[in-house]
Amino acid sequence: CPEGMSVAQNVPMTLPERTSSEVFSDVRYAVCYGTLNERFWRRADTMLNLVGAIGGSAAVAGVLGSQATLSLIAGVLVAISSAAQLVLRPADRAQGFKEGRRAFLALEPSAWSASVVEVDAARRRLEAELPIGFRLLEMPAYNAAMRGIGREDLVRPLNWRERIAMAAA
């Protein structure tokens with residue numbers, strides 16, 4: 001159904017007009033989401049590198065000590081770590097979120113002075129350039145944004161998966 005048309009009646013309907021404070025909240029959310037994702041993907045990259053380094057060292061120790069089981073387990077760890085690095089590309093994602101966060105921070109001051117349409121268009125363009133984020137960080141980012149703008153009343157409780165994701169970030 002085209003934007004502004006009611007599905008039931010297929011007639012134009014009025015959409016509520018967005019305010020500068022709503023647009024600012026969306027930009028603030030994007031900054032928080034970018035910050036959490038940047039930290040999460042940096043830590044994931046560090047962890048995968050650490051697993052690969054320890055696994056490689058253990059594989060060498062297993063070969064030198066004639067420990068086939070140790071070499072096998074270490075080799076599997078190195079393979080899994082390397083595959084995860086290639087598929088997930090955590091360092092690239094972290095960098096993408098860092099650049100996106102900076103762009104949203106630069107957009108933030110204009111969220112009050114520019115027109116809602118201009119800021120929304122810039123926000124959508126910046127969101128399209130972001131890498132794929134970790135969805136479990138959406139609610140923690142929302143809560144951080146609401147706290148940041150002084151709206152503690154809108155903070156929502158996190159489920160156990162979101163709390164773990166928040167701790168990882």
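Student: Is R101 buried or exposed?

Tutor: This is a predicted model, so take every value as computed from it. R101 is buried, because its relative accessible area is 17% and the cut-off for buried is under 20%.

Student: Where is R101, and what does R101 touch?

Tutor: R101 lies in helix α3. Leaving out residues up to four places away in sequence, R101 touches V31, G34, T35 and E38.

Student: And R39, where is that one?

Tutor: R39 is in helix α1. It counts as partly exposed, at 35% relative accessibility.

Student: How far is R39 from D92?

Tutor: Their C-alpha atoms are separated by 12 Å. Along the chain, R39 and D92 are 53 residues apart.

Student: OK, zoom out. How many helices and strands are there?

Tutor: The protein has 7 helices and 0 strands. Read along the sequence, the pattern is α-α-α-α-α-α-α.

Student: What about overall dimensions?

Tutor: The radius of gyration is 22 Å, whereas a compact globule of 169 residues would come in near 15 Å. Along the principal axes, the C-alpha atoms fill a box of roughly 75 × 35 × 30 Å.

Student: How much of the protein is buried?

Tutor: Buried residues make up 33% of the 169.

Student: And how many of the contacts join residues at least 24 apart?

Tutor: 70%, counting contacts between residues at least 6 apart in sequence.

Student: Back to helices. How do α3 and α5 cross?

Tutor: Helix α3 covers residues 90-107 and helix α5 covers 116-129. Their axes come within 10 Å and cross at roughly 175 degrees. That makes α3 roughly antiparallel to α5.

Student: Which residues meet there?

Tutor: From α3, A103, F104 and L107. From α5, V119, A122, R123, L126 and E127. By class, the contact has 6 nonpolar, no polar and 2 charged residues.

Student: R123 and E127 are both in that contact. What do R123 and E127 form with each other?

Tutor: A salt bridge, with the closest N and O atoms 3.0 Å apart. R123 and E127 are 4 residues apart in helix α5, so about one helical turn separates them.

Student: Buried or exposed, for R123?

Tutor: R123 counts as buried, at 10% relative accessibility. E127 is partly exposed, with a relative accessible area of 34%.

Student: Which residues are linked with R123 and E127 in a network?

Tutor: D120. Salt bridges link D120, R123 and E127 in a network.

Student: How many salt bridges does the structure hold?

Tutor: The structure holds 9. One of them joins R28 to E108, where the closest N and O atoms are 2.6 Å apart. That pair links distant parts of the chain, 80 residues apart. R28 sits in helix α1 (residues 20-64), and E108 sits in the loop between α3 and α4 (110-113).

Student: Are R28 and E108 buried or exposed?

Tutor: R28 is buried, and E108 is buried too.

Student: What does R135 pair with?

Tutor: R135 forms a salt bridge with E138, the closest N and O atoms being 3.7 Å apart. R135 is exposed, with a relative accessible area of 63%. E138 is partly exposed, at 27%.

Student: New topic, α6. Which residues in α6 are buried?

Tutor: In helix α6 (residues 138-148), the buried residues are M139, P140, A141, N143, A145 and M146. What covers them includes α1 and α7 (160-168).

Student: What happens just after α6?

Tutor: G150 takes a positive phi there, about 80 degrees.

Student: What about phi at R89?

Tutor: Positive, about 45 degrees, although R89 is not a glycine. R89 is in the loop between α2 and α3. It is partly exposed, with a relative accessible area of 47%.

Conventions. Residues numbered from 1 in each chain as written. Predicted model: local features only at pLDDT ≥ 70, side-chain atom pairs only at ≥ 80, totals over all residues. Heavy atoms only, no water. Axes fitted to C-alpha atoms, helices over the stretch in contact; angles between N-to-C directions. Helix = DSSP H or I, 4+ residues; strand = E, 2+ residues; numbered from the N terminus. Parallel < 35°, antiparallel > 145°, perpendicular 65-115°, else oblique. Contact = heavy atoms within 4.5 Å. Nonpolar A, V, L, I, M, F, W, Y, C, P; charged D, E, K, R; others polar. Salt bridge = Lys/Arg side-chain N within 4 Å of Asp/Glu carboxyl O. Buried < 20%, exposed > 50% of the residue type's maximum accessible area, 1.4 Å probe, protein only. Rg over C-alpha atoms; globule rule 2.2 N^0.38 Å.
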